[in-house]
Amino acid sequence: MVLHSVRDLDPAEGTVRLYLAENSPLVLVPKPSEIDPNDPLLWSRRKKRVAFLSVCSFAFLTNFGIGGLTPAFYLLSLEFGKTQVETGALLLWPVLTFGAFNFFWVPIANYWGKRPVFVFACGLLCACSMWGAVAETFESLLWSLIVAAFAGSSTEALGASIANDLYFLHERGSMMGIYMNFLSGGNTLGPLICGFIVSKYSWRWHKWMAFILILVNFFAVVFLVPETTYVRYSQRPVDSDSGTSRGPTPGLVSRSDAEKGLGSGNAQGARSHLGDTDESPAGLHLPKKSWAEEISVWPVASRETPLWRLFIRPFPLWLYPCVILAFLAYAVSLEMTVAVNILNPFVFQAPPYNWSPMVNGLINIPGLIGNLFGSVLGGWAVDKFCDWKTKRNNGVYEPENRLWLCIVPLIISGSGCLVFGYGVEKAMGWVSLFFGYGMISVALTAVPTITMAYVSDCLLPLNSDALMLVNGKKRHDSLLV
């Protein structure tokens, strides 16, 4: 079987039937394995939550340790004798690194598995936090942040894809919202906490705090996050108007074709789904892995697709409109927040405000509120809206339903830019600037939650590759600020 497009792997293109009839139970999509207890979709709810929250915490602590330094930028510029632009490199270069090395980690994870990547990257991030805490020069601090961003970049595309590995389609938006809230929360809670620490002690104590928290998270990743990659078969395509099948149910992809086409996944999972058919021998079940087998640093993964091919495989996905839409929307949302994070210390810690870093960090309270509202709007609210639209569409779910609610954060955050910018220009009271930043922060979680869930729905067999392009490109575009 030669694969030429995502349609060869998933003829449904994200359009699937979730309700067979009116008032019927919800159909689980993707369909969990009937013979393999190691399928991540069949894990207990507690096991899913622990693994997912451990990865989310990794994403949070990455931004906590890097973006959390922003309230100290003014003091750092004085300590090291740097200009505002030179000090801004402490955030801009890590942002560039975040985007660039998405393109490194995802192919590695597709070849060896997500677990080895998370274990190594979290350990490296922990070491970089200690490095930053003892840095004696500006250049040493900068390089510690760049290497930390290299390690933390593994959580962006791969962290989002974990939600697709562990949860069903009807849960995807809510879980993506939780992940985005952790991801953005590091950039809001980090500066808030750092502001108090810098005022009472020094910016080095913030780095030591990050080191301790990341060390705890490292042990959680090592012992509580099994491999989640799992090869599945495609869904039955349906006609969105009539709700009927557009063709015969696609046959299962053969073992070699599945591993060649996806270039990732648990080989045992691929074998299990080859047997997950009506022709499977009665009573056939694969053995459940022990805890020691699950936390192996080198889980069994596909090796049939060459590593070099996995590095170039994602780029044709640039031709898919859903990928283009997602990275543009995410980039704009991120650019607004990055601009405020770099600017606000030089606004509030200089005349006419003359705030201390501790008080300056309070601007992240409205940012956190905006992030929380955005994650609920883009996650839970969109899932409920899609469920309502699906029932009105004869039980057929269409990924495009997620995009309707994008208009809400666009209006709120667009208005927030005007409020904040006008307030800075006219040196207005802090209330207007705080309120404007809170409005801007809504888009940082709402827009990527909606668009990345939409990309995952449309390109589920290659969701890690697609999310890699979205996260990588939006980081590069955010440097245009």
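Visitor: In this predicted model, which residues is Leu26 in contact with, leaving aside its neighbours within four places in sequence?

Guide: Leu26 is in contact with Leu18, Tyr19 and His170 once those neighbours are set aside. Leu26 itself is found in the loop between strand S1 (16–17) and helix H2 (45–66). His170 is 144 residues apart from Leu26 along the chain, yet their C-alpha atoms are separated by 8.9 Å.

Visitor: Why is Leu26 called partly exposed?

Guide: Buried means under 20% relative accessible area and exposed means over 50%. Leu26 has 29% relative accessibility, which falls in between, so Leu26 counts as partly exposed.

Visitor: What makes Ala160 count as buried?

Guide: The relative accessibility of Ala160 is 0%, which is under the 20% limit, so Ala160 counts as buried. Its place is in helix H7. Leaving aside neighbours within four places in sequence, Ala160 is in contact with Thr155, Met176, Tyr179, Met452 and Leu467. Ala160 and Met176 are 16 residues apart in sequence and 6.6 Å apart in space, C-alpha to C-alpha.

Visitor: Why is H7 called roughly antiparallel to H8?

Guide: The axes of helix H7 (residues 154–166) and helix H8 (residues 169–200) come within 9 Å and cross at roughly 150°. Angles over 145 degrees count as roughly antiparallel, so H7 is roughly antiparallel to H8. The crossing in which H7 passes H8 is right-handed.

Visitor: Which residues make that contact between H7 and H8?

Guide: From H7 come Thr155, Glu156, Gly159, Ala160, Ala163 and Asn164, and from H8 come Arg172, Met175, Met176, Tyr179 and Leu183. These residues divide into 6 nonpolar, 3 polar and 2 charged.

Visitor: What makes H2 and H5 roughly parallel?

Guide: Their axes come within 11 Å and cross at roughly 30°, with helix H5 spanning residues 114–134. Angles under 35 degrees count as roughly parallel, and therefore H2 and H5 are roughly parallel to each other. H2 passes H5 in a left-handed crossing. The contact is formed by Val55, Phe58 and Thr62 of H2 with Phe118, Ala121, Cys122 and Leu125 of H5. By class, the residues of this contact are 6 nonpolar, 1 polar and no charged.

Visitor: How do you know that Cys322 and Cys458 are too far apart for a bond?

Guide: A disulfide is a pair of cysteine sulfur atoms within 2.5 Å. The closest cysteine sulfur to that of Cys322 is in Cys458, at 4.6 Å, so the two are too far apart for a bond. The structure holds 0 disulfides.

Visitor: Are Cys322 and Cys406 classed as buried or exposed?

Guide: Cys322 has a relative accessible area of 6%, which is under 20%, so Cys322 is buried. Cys406 is at 13% relative accessibility, also under 20%, and therefore counts as buried.

Visitor: Why does Asn344 count as buried?

Guide: Asn344 has 6% relative accessibility, under the 20% limit, so Asn344 counts as buried. Asn344 lies in helix H14 (residues 321–348). Not counting residues up to four places away in sequence, Asn344 touches Asn360 and Ile363.

Visitor: What does the chain come to as a whole, in secondary structure and in burial?

Guide: The secondary structure comes to 19 helices and 2 strands. Of the 481 residues of the chain, 59% count as buried. Among contacts with a separation of 6 or more, residues 24 or more positions apart account for 83%.

Note on methods. Residues numbered from 1 in each chain as written. Predicted model: local features only at pLDDT ≥ 70, side-chain atom pairs only at ≥ 80, totals over all residues. Heavy atoms only, no water. Axes fitted to C-alpha atoms, helices over the stretch in contact; angles between N-to-C directions. Helix = DSSP H or I, 4+ residues; strand = E, 2+ residues; numbered from the N terminus. Parallel < 35°, antiparallel > 145°, perpendicular 65-115°, else oblique. Left-handed = near helix turned anticlockwise from the far one by under 90°. Contact = heavy atoms within 4.5 Å. Nonpolar A, V, L, I, M, F, W, Y, C, P; charged D, E, K, R; others polar. Buried < 20%, exposed > 50% of the residue type's maximum accessible area, 1.4 Å probe, protein only.
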